[in-house]
Amino acid sequence: SQFVKFANIEEDTPSYHRSYDFFVSRFSEMCHSSHDDLDIRTKIRMSGIKGLQGVVRKTVNDELQANIWDPQHMDKIVPSLLFNLQNVEETESRSPSPLQAAEKEKESPTELAERCLRELLGRAAYGNIKNAIKPVLIHLDNHSLWEPKIFATCCFRIIMYSIQPQHSHLVIQQLLGHLDANSKSAATVRAGIVEVLSEAAVIAASGSVGPTVLEVFNTLLRQLRLSIDYALTGSYDCAAGVSTKIIKEHEERMFQEAVIKTIGSFASTLPTYQQSEVMVFIMNKVPLPSSQHSIEDGKAGENRNRLTQIMLLKSLLQVSVGFQCNNMLTALPSAFLDRLLSAALMEDAEIRLFVLEILISFIDRHGNRQKFSTISTINDISVLKLKVDKCSRQDTVFMKKHGQQLYRHIYLICKEESNVQAHYEALFSLLMLISIELANEEVMVDLIRLVLAVQEIAQINEDNLTAYNRCALFALGAAYLNLISQLTTVPTFCQHIHEVIQMRQKEAPYLLPEDVFVEKPVLSKSLDRLGPEVFFWQSKISEVLGGSGYNSDRLSTPYIPQLTDEDRLSKRKSIGETISLQVEVESRNSPEREQRAPAEEITYETLKKAIVDSVAVEEQERERRRQVVEKFQKAPFEEIAAHCGARATLLQSKLNQIFEITIRPPPSPSGTITAAYGQPQNHSIPVYEMKFPDLCVY
């Protein structure tokens with residue numbers, strides 16, 4: 001108590017030769033007292049803690065005094081305080097009086113140690129954080145306090161709330177370094193460190209991760225990959241393949257889940273633009289055949305690739321769940337979307353499901369996802385209480401840019417035989433969310449065409465799908481068209497959909513979601529003998545929607561995905577496609593296609609007609625391109641060579657004509673003229689008056 005009184009005295013001039021080393025050592029020793037008598041032990045520990053508190057107060061703000069932040073002092077002070085925080089005595093067992101109980105509670109070493117620790121950390125400057133946190137990490141290691149993680153979490157909760165907010169990222173940085181240092185420790189120890197990291201990230205919100213954002217995620221992803229290697233090899237030394245420790249696979253899985261949860265916690269504290277960067281960073285780490293990351297060969301390599309892909313996509317899903325962005329162009333940049341959708345075409349059903357869930361998380365900005373968790377044909381859409389906003393300009397631009405890409409991948413996923421109920425539920429949710437969040441009239445028409453094309457997959461069955469897959473696709477189309485018809489509020493459209501559903505209920509209930517998406521679905525093997533009345537007909541839908549102002553020409557055109565023969569997961573165009581694009585450019589400018597129309601007067605009606613017909617023209621152009629691509633993919637080589645040779649000869653003849661005109665210009669009609677000195681010379685035509693072939697005019 002005398003030392004405490006001395007410590008509270010404010011001095012005008014510092015004493016340069018005063019040393020507190022003895023006091024720090026003695027008070028720390030008192031904090032660890034193990035006297036047999038509980039009361040005496042408590043008093044000794046209380047005195048030790050108060051003494052340390054006095055030392056801190058006396059020296060912490062005076063730069064001329066002994067530096068209390070030196071490791072030699074911190075290594076004694078911090079563990080002494082943690083020791084008392086850790087040992088909570090059961091004093092209630094002696095049944096004291098209420099007055100004594102209140103006094104005991106007031107004088108608890110645990111509470112005093114916590115208060116002293118908070119005071120110490122609150123005074124820590126930027127350069128002293130490391131020295132204050134390192135003894136905490138060592139104490140938790142030495143006493144094996146990471147595995148229950150309760151005390152470790154409690155310690156770092158005190159730390160994060162006590163230090164100055166701008167220093168929070170330093171604590172997180174030290175935790176990450178400690179995680180790397182323990183990369184070969186037991187999975188339970190690593191999981192404890194990771195969960196403490198997760199808690200620290202939540203407390204230290206508002207961008208506390210600081211300038212080390214990608215470093216944080218890089219460390220966590222590296223630990224995730226190491227854990228996958230440990231689980232597969234059964235060894236902490238993957239190169240040697242020999243380990244003295246027994247690795248438990250279920251503990252590694254728990255650690256992996258903890259890492260994924262922590263990635264989500266970190267991402268939720270970041271601003272939107274940094275979340276977007278983190279998602280691109282994670283997606284670039286996913287090993288894909290079309291990426292720079294090498295795919296390992298052999299069975300072990302395949303297992304490692306698959307587990308890595310699943311864990312990274314799980315991490316991406318955790319980030320996307322907390323991601324809110326009104327601008328889809330910002331949320332899904334082209335490079336990111338290309339890689340994500342390429343993973344959607346992988347043969348692994350679990351990976352495809354993760355990709356669908358990630359897309360749903362991005363698109364669902366109003367919390368409608370849970371309302372489509374079950375597929376059904378409800379009669380009144382109002383019971384879902386959907387939150388619907390008008391499609392923004394940014395959403396329209398996004399769908400113009402990426403719409404066909406999304407449709408194509410949805411179409412191809414529907415053709416996968418390994419799909420199960422969860423895939424069809426995710427596809428249904430994705431289609432509905434696109435219709436609610438991103439759809440204008442044009443997108444709505446394209447989605448209806450897409451679903452009718454999916455119905456055709458099940459009807460024709462060129463891919464030899466199972467009876468369940470075919471029934472599921474029929475049911476998916478029925479559920480979607482049922483809801484979309486109610487959203488469009490076109491009575492004749494609703495009536496047609498309702499009639500087909502009623503007919504299915506009578507004659508083919510196995511084509512409806514209520515009979516397909518159940519625990520024991522009732523299927524039919526006679527799907528090839530179905531009558532026309534149980535199908536949704538494109539001609540009928542085009543007719544009823546065309547009468548309500550929708551583009552009937554576009555509606556009546558069957559959906560054909562772009563580049564349907566694209567190699568799985570390959571982003572390179574085939575040679576046939578490359579040649580076809582070159583020839584397409586030539587064929588547009590060839591004389592065979594030259595059809596000069598007379599000059600037409602431009603009026604309001606002309607412009608209106610051009611705008612209305614633009615969609616149909618675009619569709620016709622896309623179909624023409626598809627035919628050109630198909631021709632060069634399937635035609636014999638001799639025919640392609642002859643065609644290209646003819647085009648090349650035609651182009652060469654035109655170039656020869658141009659060279660003749662430019663090098664030897666034709667004489668003027670008046671013949672020759674005499675120059676001033678009496679010498680005849682040709683009068684050449686000016687360049688701007690020359691007549692060039694249309695092929696060479698841009």
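A salt bridge here is a side-chain nitrogen of Lys or Arg within 4 Å of a carboxyl oxygen of Asp or Glu. This is a predicted model, in which local features need pLDDT of at least 70 and side-chain atom pairs count only at pLDDT 80 or more, while totals for chains, interfaces and linings use all residues. Residues are numbered from 1 along each chain as its sequence is written, and side-chain values use heavy atoms, with hydrogens and water left out.

**Salt bridges**

Select Arg449 and Asp446. Their side chains form a salt bridge, with 2.9 Å from N to O. Both residues belong to helix H20 (residues 441-460), where they sit 3 residues apart, about one turn of the helix. Helices (H or I, at least four residues) are DSSP runs, numbered from the N terminus. Are Arg449 and Asp446 buried or exposed? Both are buried, where buried means under 20% relative accessible area, exposed over 50%, and partly exposed in between (1.4 Å probe, protein chains only).

Next, select Glu350 and Arg306. This salt bridge has its closest N and O atoms 2.9 Å apart. Glu350 is in helix H17 (residues 349-363) and Arg306 in helix H14 (residues 298-321), so the pair ties together parts that are 44 residues apart in sequence. Glu350 is partly exposed at 33% relative accessibility, and Arg306 is partly exposed at 32%.

Then go to Arg123 and Glu119, a salt bridge whose closest N and O atoms are 3.3 Å apart. Here Arg123 is partly exposed at 30% relative accessibility, whereas Glu119 is buried at 17%. How many salt bridges does the structure hold? There are 22.

**The nonpolar core**

A nonpolar core is a set of buried Ala, Val, Leu, Ile, Met, Phe, Trp, Tyr and Cys residues joined through side-chain atoms within 4.5 Å. Select Trp146, Phe156, Phe217, Leu481 and Phe493: of the 180 residues in the largest nonpolar core, these touch the most other members. Helix H21 (residues 467-488) gives the most to this core, contributing 13 residues.

Centre on Phe493 and show its contacts (heavy atoms within 4.5 Å). Setting aside residues up to four places away in sequence, Phe493 touches Ile448, Leu481, Ile484, Ser485, Thr488, Ile541, Val544 and Leu545.

Move to one of these neighbours, Thr488. Thr488 lies in helix H21 and is buried, with a relative accessible area of 9%. A polar atom of the Thr488 side chain lies 2.9 Å from the backbone oxygen of Ser485. Leaving out residues up to four places away in sequence, Thr488 touches Met444, Phe493 and Tyr550.

**Glu252**

Select Glu252, in helix H12 (residues 249-268). Glu252 is buried at 0% relative accessibility. Which side chain makes a polar contact with the side chain of Glu252? That of Arg190 does, at 2.7 Å. A polar contact is a pair of N or O atoms within 3.5 Å; within protein, one must be able to donate a hydrogen and the other to accept it, and residues adjacent in sequence count only if both atoms are side-chain atoms. Beyond four places in sequence, Glu252 touches Ala187, Arg190, Ser227, Tyr230, Ala231, Tyr236 and Ile247.

Ala132 is in helix H7 (residues 129-142) and is buried, with a relative accessible area of 1%. Not counting residues up to four places away in sequence, Ala132 touches Trp69, Met74, Val78 and Leu121.

Now colour helix H16 (residues 334-343), where 7 of the 10 residues are buried. These are Phe336, Leu337, Arg339, Leu340, Leu341, Ser342 and Ala343.

**Cysteines**

Last, select the cysteines. The whole structure has 0 disulfides, a disulfide being a pair of cysteine sulfur atoms within 2.5 Å. The sulfur of Cys31 is 8.1 Å from the closest cysteine sulfur, in Cys116, which is too far for a bond. Cys31 is buried, with a relative accessible area of 0%. Cys154 is in no disulfide either, the nearest cysteine sulfur being that of Cys155, 5.8 Å away. Cys154 is partly exposed, with a relative accessible area of 34%.

Terms used:
Helix = DSSP H or I, 4+ residues; strand = E, 2+ residues; numbered from the N terminus.
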